Amino acid sequence: MDRTIKRPRSRMQRLEGRAAYVLIFPSLVGLSLITYIPLIAVFVLAFFSWKGFGPITFVGIDNYVRLFTRDPYFYDSVKATVYYALLAVIGSMIWSLIIALMLNRRIPARGFFRAAFYLPYVLPAMAVYLGWSWLYDYNHGLFNYLSTQLGLGRIMFLDSARLVIPSLALIAVWLSGNLIVIYLAGLQNVPRTYYEAAEIDGANAWQRFWKITIPFMTPIIFYNLLMSLVTNLQVVTPALALTNGGPGNSTTFLSFLLYRSAFINSRMGYACAIAEVFFVLIAVFTGILFATSRRWIFYMGDERE
Amino acid sequence: MNNPSAVTGALKSRRRREAVFNGLTFALLVILTLLVIFPIYWIFRSSLMTNAELYAYPPALVPPEWRWGNFPATLEQFPFWTYLRNTFTIILPSVLGATITATMSGYAFARLRFRGKKFLFALCVGSMLLPTMVTLVPLYLAWNKILGLGGTYWPLILPHFCGGGAFNIFLIRQFVKMVPRELDEAATIDGCGPYRILFSILLPNIKSAMIVVALLKFIELWNDLLQQVVYINKQEDFTIVLGLSLFKGALKSDWSKIMAATCMAFVPGIIFYLLGQNYFVEGIVMTGIKD
């Protein structure tokens, strides 16, 4: 109905509008040229066969057909990606929430502890994986020394298809310091009055945790879950830095398969088909998360949109 | 509970219980912190030992001799300073670009009225969930085939001058929203336009947010491997992480030197973090992710 009453826009408003477009111009370029247009380009390129040079041929849905029916790596790759992401997400979500809860108590040297748990996050990923590969080393690694001391014998942390993904997920948990800091921020926003009221009513610590802390934290938990899921489904660094997709093809994550198709095998169209599947996979996971979020996210005063 | 002494008694025992609980938490935290720091210590300790010492059984917790000479010896094969310079050639302009453009957009989204604002903001939010992996190939092709900038640092730097990422725009927007609107209004009455307001009223108030954006961007780029692997192909252009990968490939299992190189790669990040620590925490606490 606003449209019918056309008010002349004031000079101030016009100035404001113009300034706004100038200020968001870089973002507009970013959103169009490096986000949404490439997203459309992926759809288009997936119908072509191209080495990145030479002739481009239209192949219809051949890339998809090949991916789903003939690619020996594809299904293992989806499995590895989802398996890794689930382990890494669940592990780091639980670990970081527990640490944040502990850090939220009135204890000395909190700043020091917080810094220590965040520290791994500021180390370059390549160096982290290199360092951990030494810890995981079969012959001389620290973990194998400990496991033999514990009577478990030597363990092939990175050299067995069965253990490599859990071993890498453990590194992801170690790197989850950013989640801890975000949780801590959330915990500090839980109104103290609720705890006081609950205590007067005789609620014990356990009840207070489940009835106050967790409900208030659900938006933060959702945020962390979402971000950590999107990040971990995109896992590629450990494969690039350390495993090169192996042993066998146990760590040929979807991102790595995409990378290899495009930049090692020079199959640009095929890589785009993989990117499509990857896009859908992430959309499905985040979609599920959003769909269920209404049931478990608690908003203050139930102010849902 | 009507008896006052019973109430104080209950309070006292509750306090005592809490003190015990806090003590236990503290002890557990000490143990967990040691566990988290231990891998870093182990890597460091390994960088100060010879391979023979590393292969000894049982492994020594502390190096039998602190061989600092390992570092200069490693530097002979691992041109750390060149790599560091290359890395910063990419990171510094990127961080600057991201911080400036994110501040511009964040301010516009927080304060200014313009047509299509909601739609653009939705696009921005949507881009947060779009995996960078998905658009990797078309972007690579565009940089190489259309712009002909393959083999340069531009593809690694220029994208950061385009808004600095949705999360950072959010963060700035959130901070701007916390600055009282009365300040802007007073300035408007005094005849200030949107740019003047941004520069003289808001910038001093959101300085810490900008530092947070810069630090987060620094860490993001510092952690990146994929983009560098894709866009850098000449050895003289290698960054620390690519150099590390090359070094590992060349030395195979000379763990003593590899760990020394790894330690060197750790240092700049740690220094930056220690310098900016307070900003980080403050920034993340104040982002108000709840919005």
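How many Å separate the centres of domain 1 of chain B and domain 2 of chain B, taken over C-alpha atoms? The separation of these two centres is 36 Å.

## Basis of the model

This is a predicted model, in which local features need pLDDT of at least 70 and side-chain atom pairs count only at pLDDT 80 or more, whereas totals for chains, interfaces and linings use all residues. Residues are numbered from 1 along each chain as its sequence is written, and chains are lettered from A, with ligands numbered from 1, in the order in which they are written.

## Domains

Chain B is divided into domain 1 (4–47) and domain 2 (70–286), with bounds that come from an automatic or database domain assignment. The contact between them takes four residues from domain 1 of chain B and seven residues from domain 2 of chain B, where two residues are in contact if their C-beta atoms, placed from the backbone, lie within 7 Å. On the side of domain 1 of chain B that touches domain 2 of chain B, there are two nonpolar, two polar and no charged residues; Ala, Val, Leu, Ile, Met, Phe, Trp, Tyr, Cys and Pro count as nonpolar, Asp, Glu, Lys and Arg as charged, and the others, Gly among them, as polar.

For chain A, the assignment gives domain 1 (2–45) and domain 2 (73–302), and the C-alpha centres of these domains lie 36 Å apart.

## Contact between the chains

Chain A and chain B each bring 75 residues to the contact. On the side of chain A that touches chain B, the largest share, 21 residues, comes from helix H1 (residues 11–45) of chain A; helices (H or I, at least four residues) and strands (E, at least two) are DSSP runs, numbered from the N terminus. That side of chain A divides into 58 nonpolar, 13 polar and four charged residues.

## Helix packing in chain A

The axes of helix H12 (residues 254–264) of chain A and H13(A) come within 8 Å and cross at roughly 165°, the axes being lines fitted to C-alpha atoms, for helices over the stretch in contact, with angles that run from 0 to 180 degrees between N-to-C directions. H12(A) and H13(A) are therefore roughly antiparallel to each other, a term for angles over 145 degrees. H12(A) passes H13(A) in a left-handed crossing; a crossing is left-handed if the near helix is turned anticlockwise from the far one by less than a right angle, and right-handed if clockwise. Among the residues that make this contact are Leu254(A) and Leu258(A) of H12(A) and Ile274(A) and Phe278(A) of H13(A), and by class the contact has 10 nonpolar, one polar and no charged residues.

Helix H3 (residues 74–103) of chain A and helix H7 (residues 164–174) of chain A pack at an angle of about 35°, with their axes 8 Å apart, and their crossing is right-handed. The contact includes Tyr83(A), Tyr84(A) and Trp95(A) of H3(A) and Ile165(A) and Pro166(A) of H7(A), and its residues divide into 12 nonpolar, two polar and no charged.

## Two residues of chain A

Phe68(A), in helix H2 (residues 62–69) of chain A, is partly exposed, with 13 other C-beta atoms within 10 Å; by this count a residue is buried if 20 or more other C-beta atoms lie within 10 Å of its own, exposed if 12 or fewer, and partly exposed in between, with C-beta atoms placed from the backbone. The C-alpha atoms of Phe68(A) and Ile274(A) are separated by 9.9 Å, while the two residues are 206 residues apart along the chain.

Thr292(A), found in helix H13 (residues 268–296) of chain A, is exposed, with 11 other C-beta atoms within 10 Å.

Methods
Parallel < 35°, antiparallel > 145°, perpendicular 65-115°, else oblique.
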